[in-house]
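Please look over the sequence and the model below before reading on. The report goes from single elements to the whole chain and its confidence scores.

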Amino acid sequence: MVLLERLATILGVYGTRPAGPRIAQDAVVRSVAMHDPAEGATEPGDVLLAVGERDPVRAVGLARDAGASAVVVRTGAGDPGEAAIEAARAHGVVLLWVAPEVSWSQVAGIVFGMVLEGSETESGRGPSDMPSLADSIAARVGGPLTIEDPRSRVLAYSARQGSADRARFDTILGRRVPEGLRDHLSRSGVHARLAGSDEPVYVPPAEEHGMGARTAVAVRIGREFLGSLWLSCSGPLSEERARSLVEGARTVALHLLRTRVSADLERQVESDLVGRLLEGGTDPTEAAVRLGLTAAPHRVVALQAHTPEERHAATLVAFERATTGFGWSRPGRSTVFGSTVYTVLPCGADSSAAREWLAETVRGLPAHVEVQAGIGGPADPARLSESRREADESLALQAARPGREVVAYDESWDEVLLHRLRTSSASGRRPADGPVADLARHDGAHGTRFVPTLRAWLRAQGEPVEAARALEVHPNTVRNRMRRMSAVAALDLEDPDRRLALAIALEVHLPGDR
């Protein structure tokens, strides 16, 4: 099956717009009906392609008669009109309005292709059912089989493992070829031969690794190496079995490609919509509907991931992790700007849902990837660009203090504001004159502690006892220092504006001086 929301989102790439009732998140499409003007009745189906019907109101009626939850209409007009929208709402039929520059053949190809793929997956023949594919190939070539990715991780294995050796069982249980065996295969040149050839490679037994004989073949599309098939065997394969193994590799390649193309297309659509929404460059209501976002508050999460060797590769891995699974089963919608992954999450005043999502996403990344993140404040779809800016500031705050908990803007607004002041001041020269600069110079020349004392006094709101406790000195020491520093700099502590300016200057220009 395929969700109607997902079908509408993919069609949106080609200019299709939904109208009428809101698409239910659990609405599925298992069948497609096509209107034939020559026939008196319309065949039943979950989606009706109203080919040849230029009246959208009549098209909605045809969809109702067919028991369809959606109707695809293409008339060449700019919009369906209020009458058609009202009819769609009245009958509970989603109106999918096709742009005039898109042909019926393109629309039909997309709809039938997605529904066919969904029905194949549901019945155990589709691209996500790799174990059944492994069973089918193993039956043809006559032996236990594993399907592995380019990093020797197991994607699927056949149920038939009766003659499997210890290495095969260790590979299946660990979901990856054991490290010692991987090193042996690399030293033997097996991996290099698979990377450079489409012919089956016979691998002799390696008793020290518990491995019997194998025949491996590359899974490839064009020049791209997608993985490999590994067959347990007693010796080199006959020509017929080798040919069956090569054919099986081609079938696996097509399945992997279809899975990738389908997922990448959805990621492309989602990323483009989220990007425009966060930049404020599109109608927020339309984008929210197409992304499946409700009118409830959402937060933007900004995430950066990097490794010591390569920053951008880790970012793409994080984006893939954030968008794993077809969109409507996921809570968030994501995009990538530069080296940052932005995800819109449905959570209001409580940021715990965003923190849980972040923790789950990080758990799915390789252990050596370093992650920094920030959480914007809650906002409705029309103000998500503001939440994105807040997420950026929260991310910058965590980056400035590695190891601290992820910052949520509305919960750490004071720290964010001070960090904003520091960042803004860095664009100009540090003041050479002024009370704070005078005190800092005096401390440097005479070994006094005027700057930390003034900071503690301001934070204690002028209470010498509280300031002394923070400095771990006697209250009289604080009083004495305050008298002495008034002779060094023009503090004017009776003026509330001057006290505020002094506190800001201390935080901005001497944040580390405690």
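## Helix H13

The expected span of a helix is 1.5 Å times one less than its number of residues. Helix H13 covers residues 384–400 and has 17 residues. From its first C-alpha to its last, H13 reaches 24 Å, close to the 24 Å expected at 1.5 Å a residue. The model shown here is a predicted one, and the span of H13 is computed from its coordinates.

Several residues of H13 are buried. Among them are Leu384, Leu395 and Leu397, together with Ala391. The buried list also includes Ser385, Ser387 and Ser394, as well as Arg388, Glu390 and Gln398.

## Helix H16

How many of the 10 residues of helix H16 are buried? Nine are, so H16 (residues 450–459) is largely enclosed by the rest of the structure. The buried residues of H16 include Phe450, Val451, Pro452, Thr453 and Leu454. Arg455, Ala456, Trp457 and Leu458 are buried too.

After H16 comes Gln461, which has a positive phi, near 55°.

## Strands E5, E6 and E7

Strand E6 (residues 70–73) has parallel partners in E5 and in E7. Three bridges join E6 to strand E5 (residues 47–49), and Leu49 has Val72 of E6 as its bridge partner. Four bridges join E6 to strand E7 (residues 94–97), where Leu95 stands opposite Val71. Strands of a sheet pair through backbone hydrogen bonds, either parallel or antiparallel.

In which directions do the residues of E6 point? Ala70 and Val72 point one way, while Val71 and Val73 point the other way. In a regular strand the side chains alternate between the two faces of the sheet. All four of these E6 residues are buried.

## Helix H2 and Val57

Helix H2 (residues 56–66) forms a right-handed β-α-β unit with E5 and E6. Val57 is part of H2. Is Val57 buried or partly exposed? Its relative accessibility is 36%, so Val57 counts as partly exposed.

Beyond its neighbours up to four places away in sequence, Val57 touches Ala83, Ala84 and Ala87. Val57 and Ala83 are 26 residues apart in sequence, yet their C-alpha atoms are 6.8 Å apart in space.

## The five-stranded open sheet

An open sheet has five strands in the order E14-E15-E13-E16-E17, and its pairing is mixed. Its edge strands are E14 (333–337) and E17 (407–408), each of which pairs on one side only. Strand E16 (residues 370–375) runs parallel to E17, and two bridges join them. In one of the residue pairings, Ile375 has Ala408 of E17 as its bridge partner.

Ala296 sits in the loop between helix H10 (284–291) and strand E13 (299–306). Its relative accessibility is 37%, so Ala296 counts as partly exposed. Leaving aside residues up to four places away in sequence, Ala296 touches Ala379 and Pro381. Ala296 and Pro346 are 50 residues apart in sequence, while the distance between their C-alpha atoms is 7.3 Å.

Ser244 belongs to helix H9 (residues 239–279). The relative accessible area of Ser244 is 15%, and the cut-off for a buried residue is under 20%, so Ser244 is buried. Not counting residues up to four places away in sequence, Ser244 touches Arg140 and Val141.

## The chain as a whole

The protein chain contains 19 helices and 17 strands. Of its 514 residues, 47% are buried. Among contacts between residues at least 6 apart in sequence, 59% join residues at least 24 apart. The accessible surface of the chain is about 25,100 Å², and carbon and sulfur atoms account for 52% of that surface.

## Confidence in the model

The average pLDDT of the chain is 83, and 87% of the residues score at least 70. Which elements have the lowest and the highest mean pLDDT? Helix H4 (residues 104–122) has the lowest, at 67, and strand E10 (residues 201–203) the highest, at 95.

Over residues 120–128, pLDDT stays under 50. The model has 16 contacts beyond four places in sequence for these residues. Where pLDDT is low, the predicted coordinates should not be read in detail.

Note on methods. Residues are numbered from 1 along each chain as its sequence is written. This is a predicted model: local features need pLDDT of at least 70, side-chain atom pairs count only at pLDDT 80 or more; totals for chains, interfaces and linings use all residues. Side-chain values use heavy atoms; hydrogens and water are left out. Buried means under 20% relative accessible area, exposed over 50%, partly exposed in between (1.4 Å probe, protein chains only). Contact means heavy atoms within 4.5 Å. Two strands pair if DSSP finds at least two bridges between them. A crossover is right-handed if, with the strands pointing away from the viewer, the path from the first strand over the helix to the second runs clockwise. Accessible areas come from the Shrake-Rupley method with a 1.4 Å probe; for residues, only the protein chains shown count as cover. pLDDT is the predictor's confidence in each residue, from 0 to 100.
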